[in-house]
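Keep the sequence and the structure in view while reading.

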Amino acid sequence: MQQESDEARAALPRFFTLEMFMFTVAVLSGLVLMWNIVAKDRNVAVLLCAGAIFTLSIVVVIRLLMDPDSVRARQSDAVLKLASQTLACMNDGLNSESAQKICSLMLPSTAAIAVAITDKERILGYAGSEEAQNPAGSCIRTHATHATLADGKMRILFTPEDIGFPKGSTSIKAAIIVPLAVGRTVAGTLKFYYRRANHISETQKSIAEGFGQLLSTQMAAAALEEQTKLATSMELKMLQSQINPHFLFNTINTIASFVRTDPETARTLLREFAVFYRRTLEDSADLILLAREMEQTRRYFTFEVARFGADRVEMEVNVDPRVDDMLIPPFIIQPLVENAVRHAMPSEGKLMISVTAEVDGDDVIVSVCDNGVGMTEEARLNILHPESSTGLGIAVKNVRDRICGYFGPGTHMEVDSELGSGTCVRLMLVGGARCDCE
């Protein structure tokens with residue numbers, strides 16, 4: 001019982017603050033005061049007492065409400081609640097649906113007549129004045145927004161012309177445009193529109209900047225969570241792809257076949273096999289040098305040559321020395337070579353695989369090409385489909401998702417193939433030539 005009483009007293013401030021208590025006293029004393037005024041038999045003592053209590057309680061309420069600490073506490077509470085609400089909206093990242101909800105949540109908290117969120121090309125959400133003229137999905141129209149996307153600087157604009165609107169075409173006369181950044185990349189903008197320039201106060205500037213930082217942080221957190229999920233998923237798929245029973249049994253059988261006919265080759269293959277799997281497990285979670293990835297790829301190909309013979313498979317490697325020290329996610333080249341061996345081997349003749357890595361300005365292009373059986377256009381389109389979950393599709397999608405996750409916007413994979421003529425997979429690694437091995 002004592003514990004319950006303590007818990008009740010602890011919970012009381014959440015429901016009954018000092019401001020509420022004094023306001024209640026003011027209301028009650030005011031009612032008593034009014035009753036004494038209209039009553040025929042006035043009690044002067046009660047009248048004076050009620051008037052004094054009413055006046056005192058009103059003064060105390062005003063002081064409490066105007067107290068700086070109280071004001072800051074209420075503002076902080078409002079911001080925290082808004083942050084919690086926006087965070088809940090962004091469970092699936094920043095998209096049109098979540099952006100529209102966030103704009104609607106932010107609008108009442110500012111002096112703005114409209115709030116908008118964009119990505120780098122289009123409006124994601126818009127709430128407030130002229131909402132019908134700015135639906136989600138429409139292209140960004142104002143040059144000020146494009147400028148903010150380009151340089152990542154916050155802009156405070158006091159005329160429609162500065163924003164990018166023709167004079168007299170809109171009720172919007174001023175704006176604050178805040179960049180939304182994920183890391184060093186500007187991913188969009190948060191915009192507050194005002195009816196008059198003098199509505200942009202220091203408070204409004206702070207609110208806009210704070211909301212921009214809040215959204216940027218939440219976007220970064222969502223991106224990090226997505227990358228964590230992706231890394232975990234890709235790591236499991238990668239290891240399942242690497243340590244698969246067919247490759248394991250085939251390699252062991254190949255080594256066993258050399259034990260009697262060529263013991264020295266068997267010992268060499270066995271040592272390489274042990275190093276290969278140790279490296280596979282060591283490299284599964286870290287960035288590695290491209291030179292190390294190529295070393296692992298050559299080691300893997302040694303087993304395939306031992307299995308099929310030098311007259312059936314051959315690999316040529318041409319890597320620009322300038323990219324040897326480039327950091328890359330592990331297992332982005334070896335799986336593509338393995339796919340070529342598993343899926344492109346012709347029934348007769350030699351399968352030639354060419355691996356190249358070249359510098360193109362600040363970018364790096366890695367290619368894995370073969371002269372194998374190739375594939376139909378339908379098969380080529382299907383291997384990058386998200387629903388693909390086995391065989392060639394999972395390995396190619398694995399590589400594509402991981403390079404895009406690390407190198408960022410602009411990075412992509414190209415697959416060219418012709419039935420009967422071979423396949424070429426190209427990885428466009430944006431900014432790869434700038435990557436430092438440190």
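## Model and confidence

Helices (H or I, at least four residues) and strands (E, at least two) are DSSP runs, numbered from the N terminus. Residues are numbered from 1 along each chain as its sequence is written. The model is predicted, so local features need pLDDT of at least 70 and side-chain atom pairs count only at pLDDT 80 or more, while totals for chains, interfaces and linings use all residues; side-chain values use heavy atoms, with hydrogens and water left out.

pLDDT is the predictor's confidence in each residue, from 0 to 100. The chain has a mean pLDDT of 79, and 79% of its residues reach 70 or more. Over residues 1-16 pLDDT stays under 50, and the model has four contacts (heavy atoms within 4.5 Å) beyond four places in sequence for them. Where pLDDT is low, the predicted coordinates should not be read in detail.

Ala 136 sits in the loop between β2 (123-128) and α6 (143-151). Buried means under 20% relative accessible area, exposed over 50%, and partly exposed in between (1.4 Å probe, protein chains only). Ala 136, with a relative accessible area of 46%, is partly exposed. Leaving aside neighbours within four places in sequence, Ala 136 is in contact with Ser 96, Ile 123 and Leu 124.

Glu 130 also lies in the loop between β2 and α6. Its phi is near 65°, a positive value in a residue other than glycine, and Glu 130 is partly exposed at 23% relative accessibility. Phe 331, in the loop between β8 (327-328) and α12 (334-344), has a positive phi of about 60° although it is not a glycine. Phe 331 is buried, at 2% relative accessibility.

## Nonpolar cores

A nonpolar core is a set of buried Ala, Val, Leu, Ile, Met, Phe, Trp, Tyr and Cys residues joined through side-chain atoms within 4.5 Å. The largest has 45 residues, of which Val 337, Ile 353 and Leu 427 touch the most other members. Beyond four places in sequence, the contacts of Ile 353 include Phe 301, Met 315, Val 337 and Val 368. A second, separate core of 26 residues includes Cys 89, Ile 176, Phe 192 and Phe 211.
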